[in-house]
Amino acid sequence: MASTESDAIGSPASNPAEPIRSSKDFLIFGAPLIGDEEKREVLDCLETGWLGTGPKVAQLEREFRDYKGAPYAVAVNSCTAALHLSMLAAGIGPGDEVITTALTFCATVNAIIHAGAEPVLADVNPATLNIDPREVAAKITSRTKAIVPVHFAGRACDMDALVTITRRHGLMIIEDCAHAVETTYKGKQAGTFGSFGCFSFYVTKNMATGEGGMILTMDERYADRLKILALHGMSKDAWRRFSDEGYKHYYVVECGYKYNMMDLQAAIGIHQLHRIEMNWERRQEIWAIYQRELSGLPLTLPAEPDQGTRHSYHLYTVLVDSERARLTRDQFISDMTAENIGVGVHYQSIPVHPYYQERFGWRPEDYPHSLRIGQQTVSLPLSAKLTSRDVSDVVRAVRKVLNR
Ligand SMILES: Cc1ncc(COP(=O)(O)O)c(C=O)c1O
């Protein structure tokens, strides 16, 4: 496979004026690999009429919990919901501070705000793009209740250092594992280091259900509370009221949310999970091809996975420094788009967004690594769906754009 891909990459573009791919054949960033099993399972939902939360959600919870080796898993309709509910179950609310990274998707920060707490940002280690434990330590106050590490791109955070800090200060850990289904750190699964691990099954993620999420927790009481909060605050197992066991009364025990996952989503997720390792291997292969074929270009490539960890290969991010590359990151993005290759940005740093500046007074320059990375980063396609030709088109497009 790799040699075929290398051979194809080596062949020159037929006509430099022509885009690498035709517009009809635009390479969509992050398209999931959906198999016949997913289609059959979704059809089964439609035929049985059980579209909402039901047996397939329960199956996905069991299988995901077993895959990660965690005692409890609660399915929800997004990672944002997972983070929000975890905060609430952790007892985090007004007056509390929660520390997270300045380089993440806005949902990480918004979930802290939804819980009524105040987000506090820590800058990243520029080599790993993960939250820097020294920055975390510097941000702890008497109001700090928890930290939310994000295993960025699928690379495990420095969990030894973070766990030490949280133990010293009596803080909770809520892991944002949106990128990290397959990630491990020193043999331990991402999402099992603290009280809660939150996963995303959004369409571009390693395991996709369209929208969807999962919470791992180590404590049965948390799991029970999460289930109640995810479905209007109705007493446990309320979803059974429409089951073949006949109608059952339910009781509202608190004011919850409508965050439950549907069987339609779980139908896709069950088979995505069955293929998780196969897809991981394919992405690892693509990652290695990019590392080899893009080396020597005026780009900063991602650091190799750290010793003793397993990278989930969710994102392949390169940095475009405008002086070195002789084009800006945004020009790189529009040139790649003109070659009909879809790319992404993960992410502009959190403090550049006007809402957070106005509400918290954050200044981007106070988080210099996140700011620079947010200005330079571009994610190349890294889906198991990519064919050898797709991978070679991405490489040829990057070379072409940088050689102009
Ligand atoms: C780091 C991170 N956290 C949280 C989320 C939110 O996930 P979801 O879209 O499932 O709510 C995402 C999604 O892109 C993410 O990348």
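A residue is buried when its relative accessible area is under 20%, exposed when over 50%, and partly exposed in between (1.4 Å probe, protein chains only). The structure is a predicted model, in which local features need pLDDT of at least 70 and side-chain atom pairs count only at pLDDT 80 or more, while totals for chains, interfaces and linings use all residues. Residues are numbered from 1 along each chain as its sequence is written, and side-chain values use heavy atoms, with hydrogens and water left out.

**Exercise 1. Cysteines**

Task: State whether C177 is buried or exposed, and find how many disulfides the structure holds.

Solution.
- Step 1. C177 has 0% relative accessibility, so C177 counts as buried.
- Step 2. A disulfide is a pair of cysteine sulfur atoms within 2.5 Å.
- Step 3. From the sulfur of C177, the closest cysteine sulfur is that of C198, at 7.2 Å, which is too far for a bond.
- Step 4. For C106, the nearest cysteine sulfur belongs to C79 and is 12 Å away. C106 is partly exposed because its relative accessibility is 27%.
- Step 5. The count of disulfides in the structure is zero.

**Exercise 2. Two packed helices**

Task: Describe how α4 and α5 pack, and which residues meet.

Solution.
- Step 1. Helices (H or I, at least four residues) and strands (E, at least two) are DSSP runs, numbered from the N terminus. Helix α4 covers residues 79-89 and helix α5 covers residues 106-114.
- Step 2. Axes are lines fitted to C-alpha atoms, for helices over the stretch in contact, and angles run from 0 to 180 degrees between N-to-C directions. The angle here is about 35°, and the axes are 8 Å apart.
- Step 3. Contact means heavy atoms within 4.5 Å. From α4 come T80, L83, H84 and M87; from α5 come A107, T108, A111, I112 and H114.
- Step 4. Of the residues in this contact, five are nonpolar, four are polar and none is charged. Nonpolar means Ala, Val, Leu, Ile, Met, Phe, Trp, Tyr, Cys and Pro; charged means Asp, Glu, Lys and Arg; the others, Gly among them, are polar.

**Exercise 3. The seven-stranded sheet**

Task: Give the strand order of the open sheet, and explain why one side of β1 and of β3 has no neighbour.

Solution.
- Step 1. Two strands pair if DSSP finds at least two bridges between them. The order of the seven strands is β1-β9-β8-β5-β4-β2-β3, with mixed pairing.
- Step 2. β1 (72-76) and β3 (118-122) are at the edges and have a single partner strand each, so one side of each lacks a neighbour in the sheet.
- Step 3. From one strand to the next, the twist averages 25°.
- Step 4. Five bridges join β8 (residues 196-200) to β9 (residues 213-217) in the antiparallel sense. G197 has L216 in β9 as its bridge partner.
- Step 5. Helix α8 (residues 220-230) lies across β1, β5, β8 and β9, at about 10° to β1.

**Exercise 4. Strand β11 and its surroundings**

Task: Determine which residues of β11 point one way and which the other way, and what pairs with β11.

Solution.
- Step 1. In a regular strand, side chains alternate between the two faces of the sheet.
- Step 2. In β11 (residues 316-319), Y316 and V318 point one way, T317 and L319 the other way, and all are buried.
- Step 3. β11 pairs with β12 (residues 377-380) over four bridges, in the antiparallel sense. Opposite L319 stands T377 in β12.
- Step 4. Helix α14 (residues 368-376) has buried residues S370, L371, I373, G374 and Q376. Their cover includes β11, α12 (329-338) and β12.
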